[in-house]
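Biologist: I would like to learn how to read a few features in a model. Can we go through them one by one?

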Amino acid sequence: MKATAGAVEIAEAVKSGATTARAVTEAALTRIERHNPMLGAFTDVTAERALEQAELVDSKIRNAMDPGPLAGVPFAVKNLYDIKGIPTRAGSKINRDNPPAARDATLVTRMEAAGAVLLGGLNMDEYAYGFTGENAHDGPSRNPHGLDRMTGGSSAGPAAAVAGGLVPLSLGSDTNGSIRVPASFCGLFGLKPTYGRLSRAHSFPFVSSLDHLGPFARSTRDLALAYDTMQGFDEADPAQTKRVNELTFARLKHPIPGLRIAVAGDYFLGAPEVQAEVQKVAKALEVTKTVTLPDAQAARAAAFLITMAEGATLHLDRLRQRPDDFDPEVRDRLLAGTMLPAVWVERAQKLRRVFRDRVLKLFNGVDAILAPATPMKAPLLGQKTAMFGGVELPVRPNLGIFTQPISFIGLPVVTVPVWQDGEDLPLGVQVIAAPWREDVCLRIAHQLET
């Protein structure tokens with residue numbers, strides 16, 4: 001099959017006998033061997049395991065058993081997901097000295113139970129603390145649309161692997177924008193579910209009160225199918241909310257009667273090229289209404305404080321014992337987090353509650369809100385500064401200015417890739433909905449894709 005074949009297409013072909021899971025897997029492994037040295041997406045390739053899983057899928061088909069909705073579909077995961085038998089490096093030098101993971105992450109187990117075939121672990125910013133995809137230990141992931149460009153991060157490898165045609169699906173994590181920023185830079189659909197929707201069990205944390213796990217894909221059908229597959233309560237994640245599965249794939253094409261959409265204004269306006277992308281989406285959806293997310297700038301600042309404090313606490317022993325084994329830029333930001341006054345963090349948490357209540361009131365009048373995903377197209381690899389709102393600022397911490405206020409209060413978001421005529425690089429637009437309404441995000445994204 002073509003490298004651009006999607007998950008739905010592959011599963012249908014495998015189940016119909018048009019191809020086999022083994023043939024699909026072997027082709028994917030060949031692509032990884034050929035192209036990964038250029039893209040820097042994979043850090044661990046689980047070839048033997050993948051071929052065994054593919055054979056299991058093919059055996060089920062031969063014996064007239066249901067192989068699952070993702071039969072034979074290759075996928076890979078950010079290397080902060082536990083993969084049995086491999087140390088969970090989380091983008092770091094330190095973690096690779098840990099014992100191999102004793103079991104798979106819950107979401108990996110669910111994907112394989114649905115017939116998907118795991119091909120390995122993917123590159124990321126160290127400990128998920130970055131937006132560029134430049135890893136000091138494993139090298140940068142490169143944007144397939146411009147190899148001298150950033151993929152964005154911290155889910156850099158997952159974006160590069162899907163955009164580069166190595167796999168049709170990948171799984172990443174999003175704390176402050178780490179799915180949405182790479183999806184924007186690499187021209188992908190990315191889903192950050194509602195906080196507490198998908199299990200995070202057996203993955204390496206960054207900021208537990210902000211961490212989400214979710215998928216990347218080249219189509220909304222693939223994105224929805226992967227999301228549906230991973231739903232379900234898991235007692236191993238104490239932050240997960242116990243809800244019935246709310247499946248989205250079969251409903252993608254169903255219109256939502258009286259759908260009300262607005263564009264986020266004020267803080268989310270962005271540079272002219274960013275505004276143009278959002279207005280292109282708004283025009284396609286016939287959106288004319290604008291809303292203001294109150295205190296968005298303060299919410300982003302509060303998200304920064306909570307990130308610094310929780311991240312520093314998590315890594316305090318490593319900072320004391322092995323400071324020289326950190327990426328210096330990550331180490332210095334974590335060290336700064338150890339010195340934050342407790343009262344600042346307390347105030348940040350109080351603002352979080354106020355901001356959440358104010359934003360949720362907006363959903364009494366609208367079903368979804370459109371906002372840019374990134375303040376610019378993918379910067380050059382190694383670029384240290386850029387203009388943000390007319391001010392030159394560091395690139396690494398500031399690519400999430402439009403994503404941080406949203407994950408701060410755990411709202412579901414689908415990033416939709418937007419291309420302007422004649423442009424080589426895309427920009428993403430966030431489709432944001434009320435808690436637990438991933439179906440709204442996905443259906444709007446599917447309408448835009450169509």
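This is a predicted model: local features need pLDDT of at least 70, side-chain atom pairs count only at pLDDT 80 or more; totals for chains, interfaces and linings use all residues.

Biologist: Where does helix α2 bend?

Modeller: Helix α2 covers residues 21–39 and bends by about 40° at glutamate 33. Proline 37 follows within four residues. Just after α2, glycine 40 has a positive phi of about 65°.

Biologist: Which residues of α2 are buried?

Modeller: Start with the general idea. An α-helix has 3.6 residues a turn, so residues three or four places apart point the same way. Now the case here. The buried residues of α2 include Ala21, Val24, Thr25, Ala28, Leu29 and Ile32. Arg31, Asn36 and Leu39 are also among the buried ones.

Biologist: Where is asparagine 79 placed?

Modeller: Asparagine 79 sits in the loop between β2 (74–78) and α4 (106–113).

Biologist: Why does asparagine 79 count as buried?

Modeller: Buried means under 20% relative accessible area. Asparagine 79 counts as buried because its relative accessibility is 3%.

Biologist: Which side chain makes a polar contact with the side chain of asparagine 79?

Modeller: That of threonine 43, at 3.0 Å.

Biologist: Leaving aside neighbours within four places in sequence, which residues is asparagine 79 in contact with?

Modeller: Among them are Asp44, Thr88, Arg89, Ala90, Gly121, Leu122, Asn123 and Met124. Thr43 and Gly91 are on that list too.

Definitions and conventions
Residues are numbered from 1 along each chain as its sequence is written. Side-chain values use heavy atoms; hydrogens and water are left out. The bend at a residue is the angle between axes fitted to the seven residues ending there and the seven starting there. Helices (H or I, at least four residues) and strands (E, at least two) are DSSP runs, numbered from the N terminus. Buried means under 20% relative accessible area, exposed over 50%, partly exposed in between (1.4 Å probe, protein chains only). A polar contact is a pair of N or O atoms within 3.5 Å; within protein, one must be able to donate a hydrogen and the other to accept it, and residues adjacent in sequence count only if both atoms are side-chain atoms. Contact means heavy atoms within 4.5 Å.
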